[in-house]
Amino acid sequence: MQMKNYLPFLLLTAMLLVVSCGSSKKEDAEAFLDELDEGVDAPAISEETINDILQQIPAPLEISVLMRESGAEYDRTILSDPDKVSNYNTTFKRAINLGIYGTDLIYTNIFGKNQEGLSYMKSVKELADDLNIGQFFNLKLVGRLATNNDNLDSLMLITTQNFNAINKYLQDNKRANLSILFLVGGWMEAVHINCKMSIDNPEVTSLSERIGEQKDVLERIMLLMSFYAETDPNIKDLHEDMKKLQDAYNSIQITYTYAEPTTEVVDGVLVIKDNSTSTVHITQDNVKEIDSVINTIRNKLTS
Amino acid sequence: MKILKYIFLVAAFAFVREEGKAQCNPTEQLKVCIPKLAGGFNFLKSYEINGRDGRLEKVEYSYPFAKGTQYMINLCSSEGEGKGLVVTLYDSNRKQLATSVVNGQHVSAILFTCQSTGIYYITYTFDNSAQYCGGSALGFKR
């Protein structure tokens, strides 16, 4: 047989080797993800639907920026203790407290408390390592940026990018249950901080309105958790606890009025003026009730 | 022998198709898009746009916009300057608010001042696109 007759076999063999190497990597990844899974079955709802709803949970950054702009003062005492990482020894607690610490980290960043932020960054990194997602954090880079307040924008950008990368990674690897816990922890901590600030600054209506606006977000979170409540006992417990939060939100009303938007192009950017309006009807008693329920849930999660 | 040659051809075709798919790398576009957010805007989310060589008509994302907040959405495509991409914004009732094609002209960013809190839908479509590939960044400021 001449050499040219062997060529197809050689190529085919090479391709099979490539495919088999890929399979091996895939198996490794699956084995690793199975470890993360801790026996949680996937819900009977499409991955696409879950990912769609996950997108609709706001980033803690956005809620936190409002706090700084409202004139409220930084208060470290309302944050979670960064030295309690070793207490979080289950995947559930690690994922939810990763979210909580993530929000606390953003809160310290926003107020320029970079050294305190480093304590949270270390805790975040430790929990992320325990969840085998520590590769998204470059502690050295963050530490360098944190030494100078002029780097605040870069610090926030990197933090946001890291958290987005974690979410994407978890969702891409079909572990949306962890992504949900991470997002719920972060969201709840943002509402918790917002409540404390609103109670201290009742005259700042933008803070209480932002708390009230979370009613729709909570509905989506509850829907997401309901998908997993049947198969994951930890999520089931949290879902039950959060029904009390839903009760606290029941008396808050949000009204909408629609009007056609107007648009114009300014310097190559399409500027859209929203002429619709929404109004949140919320009292300080509502804020206190929400705060009380969140405290109870949070204490359980951070114990 | 003929069977083996046939297997080889099918496998080679599949390999080439996979390689073709890998050509769209939205992550690279995001690296361009995120720094291009206008000054004063905080980066919030990045969105990958992969039209899978034209097999997808649109790519859609959603996000809860908050009253009193300005949002900027920009476009970056592998063809440069958001070329071939169109972004359309819809409110929570799926009513179209605006699109990045204005009087036949494409703009590469939209700025939305939200006065009504709710879920908004950000839809990316393709217009005379050769690569169906890009990225987009969402930023906000109060």
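This is a predicted model: local features need pLDDT of at least 70, side-chain atom pairs count only at pLDDT 80 or more; totals for chains, interfaces and linings use all residues.
Two packed helices are described by the angle between their axes and the distance between the axes. In chain A, helix α2 (residues 47-54) packs with helix α8 (residues 176-200) at an angle of about 15 degrees, and their axes are 11 Å apart. Angles under 35 degrees count as roughly parallel, and α2(A) and α8(A) are therefore roughly parallel to each other. The crossing of α2(A) past α8(A) is left-handed.

The residues that form this contact can be listed from each side. From α2(A) come Glu47(A), Ile50(A), Asn51(A) and Leu54(A), which meet Ala176(A), Ser179(A), Ile180(A) and Leu183(A) of α8(A). Sorted by class, the contact of α2(A) with α8(A) has 5 nonpolar, 2 polar and 1 charged residues.

Attention now turns to strand β8 (residues 109-114) of chain B. Of its 6 residues, 5 are buried, so β8(B) is largely enclosed by the rest of the structure.

Strand β8(B) has a pairing partner in chain A: strand β3 (residues 269-273) of chain A is joined to β8(B) by 5 bridges, and the two run parallel. Within this pairing, Lys273(A) has Thr113(B) as its bridge partner in β8(B).

A further pairing lies within chain B. Strand β3 (residues 69-77) of chain B pairs with β8(B) in the antiparallel sense, over 6 bridges. Here Gln70(B) has Thr113(B) as its bridge partner in β8(B).

Methods:
Residues are numbered from 1 along each chain as its sequence is written. Chains are lettered from A and ligands numbered from 1 in the order in which they are written. Axes are lines fitted to C-alpha atoms, for helices over the stretch in contact, and angles run from 0 to 180 degrees between N-to-C directions. Helices (H or I, at least four residues) and strands (E, at least two) are DSSP runs, numbered from the N terminus. Angles under 35 degrees count as roughly parallel, over 145 as roughly antiparallel, 65 to 115 as roughly perpendicular and the rest as oblique. A crossing is left-handed if the near helix is turned anticlockwise from the far one by less than a right angle, and right-handed if clockwise. Two residues are in contact if their C-beta atoms, placed from the backbone, lie within 7 Å. Ala, Val, Leu, Ile, Met, Phe, Trp, Tyr, Cys and Pro count as nonpolar, Asp, Glu, Lys and Arg as charged, and the others, Gly among them, as polar. A residue is buried if 20 or more other C-beta atoms lie within 10 Å of its own, exposed if 12 or fewer, and partly exposed in between; C-beta atoms are placed from the backbone. Two strands pair if DSSP finds at least two bridges between them.
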